[in-house]
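Here is a short report on how one protein chain packs. Keep the sequence and the 3D view at hand while reading.

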Amino acid sequence: MKILITGGAGFIGSHLAEYFINDNEVFILDNLSTGHRSNVDFIDDAHFIEEDVMHKSFVTELIKQKQFDIVIHLAAVVSVVETINNPINSQSINIDSTLNLLEANRQYNAKLKNLFSLHLRLYTVIQMNYQNRLKHLLILNHHML
C-alpha cells in the first residue's frame, strides 16, 4: 500500500514510518519545524517531501499525483506553550491542514481507504509512557489497515 505520513519526521510519525516501511511504500511530508530528517533516514529522498502541510495547492497536487491508500495526518502544532501563546494560529494549522487533506482526498483520491488524524492529546499520552503506548498505537493502526 502507498502511505502518506504528514509530520512523519516527528516522534510518532518516524516510528510509524519505520513500522510500515517493510511492507508498504511510505511517503513523509514534513516541514521540519519540529521534526528531524535524521529521524527518518531510512526514507529515501524520493519519498521524503520537505513541505508545509498548510501549502494547500501543493498538498492537493501531491494527493492527485500519488493516490495514497492511507493518509496518517500527524502534522500539527504540538507545543502546549505555542498553543497557549498563539491559539488562533495553532488551531488554524491543526484544523485547516486536516480539512485541506480531507477535501483534497475527497475530490481527487478514490483509492483512499483510511485517513487517520492524530494530534496533541495522543502525542502527550504516548510521551508519558512511550514503550507501552506506542506499541498499542502500532498494533491499533496495523489492525485498521
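## Basis

This is a predicted model, in which local features need pLDDT of at least 70 and side-chain atom pairs count only at pLDDT 80 or more, while totals for chains, interfaces and linings use all residues. Residues are numbered from 1 along each chain as its sequence is written, and side-chain values use heavy atoms, leaving out hydrogens and water.

## Nonpolar cores

A nonpolar core is a set of buried Ala, Val, Leu, Ile, Met, Phe, Trp, Tyr and Cys residues joined through side-chain atoms within 4.5 Å. Buried means under 20% relative accessible area, exposed over 50%, partly exposed in between (1.4 Å probe, protein chains only).

The largest core has 16 residues. Ile5, Leu16, Val26, Ile28, Val40 and Ile72 have the most contacts inside it. Two or more residues each come from β1 (2-6), α1 (11-20), β2 (25-30) and β4 (70-73). Helices (H or I, at least four residues) and strands (E, at least two) are DSSP runs, numbered from the N terminus. The largest share, four residues, is from α1. Apart from this core lies another, of 13 residues, including Phe27 and Leu62.

## Helix α4

Which residues of α4 are buried? They are Ser90, Asn94, Ser97, Thr98, Asn100, Leu101, Ala104 and Asn105. Seen down the axis of α4, they fall within an arc of 155 degrees (directions from the helix axis to the C-beta atoms), so they line one face of the helix. The face turned away from the buried side of α4 carries exposed Ile88 and Arg106.

The buried residues of α4 pack against β1, α2 (56-66), β4, α3 (80-85) and β5 (114-117). Contact means heavy atoms within 4.5 Å.
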